[in-house]
Amino acid sequence: MSGTWERICRVDEVRPGRPLGRVVGASGQDRDRVCIVPRPDGNPVALLDRCPHRDVALSGGIVTGGTLVCPGHFWRFDVTTGERTDLPRLGATVYPTRVVDGWIEALLPPPAPRQSMREWLLAEAARRATAPIDGEHRAGG
């Protein structure tokens, strides 16, 4: 993954069983929202602070037995892989994570280029026109 290593928080700010949410960067994009979660071995992992189901902050959930529970609809994610425990293809985004001089850092993707609303709508329409439906492509795509 290309991107930059960003300082998220100090190691001593992370508490067992409690995700920690932070906003880093100023792009206003999802990539700025980061959730730090302790793994069962105590090492931290950084995730996008957004449930893939709805726009709910995962940092509002709880961690139990190596599983992060989303506060929105109680989806459960493995804190190491990000996979949803009952439906692995719908996982949370996990970022490469490291600890440097007492700081937790995550390798975040670069911000997406800014687009006008028109450009975004056209790109989204094109993406949806060719998106698979139950393993098949839509007509015309």
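1. At 0% relative accessibility, Cys-35 counts as buried (under 20% relative accessible area; exposed is over 50%, partly exposed in between, with a 1.4 Å probe and protein chains only). Cys-9, at 1% relative accessibility, also counts as buried.

2. The model is predicted, so local features need pLDDT of at least 70 and side-chain atom pairs count only at pLDDT 80 or more, while totals for chains, interfaces and linings use all residues. Residues are numbered from 1 along each chain as its sequence is written, and side-chain values use heavy atoms, with hydrogens and water left out.

3. A search of the whole structure gives 0 disulfides (pairs of cysteine sulfur atoms within 2.5 Å). Cys-9 takes part in none, its nearest cysteine sulfur being that of Cys-35 at 9.9 Å. For Cys-35, the closest cysteine sulfur is the one in Cys-9, too far for a bond.

4. An open sheet has 3 strands in the order β1-β10-β9, paired antiparallel. Its edge strands, β1 (4-10) and β9, each pair on one side only. From one strand to the next, the twist averages 35 degrees (axes are lines fitted to C-alpha atoms, and angles run from 0 to 180 degrees between N-to-C directions). Strands are DSSP runs of E, at least two residues, numbered from the N terminus; two of them pair if DSSP finds at least two bridges between them.

5. β1 and β10 are joined by 6 bridges, and Trp-5 has Leu-107 in β10 as its bridge partner.

6. Between β9 (residues 97-100) and β10 (residues 103-108) there are 4 bridges. Arg-98 lies opposite Glu-105 in β10. The two strands, β9 and β10, form a hairpin with 2 residues between them, and Asp-101 in the turn has a positive phi of about 50 degrees.
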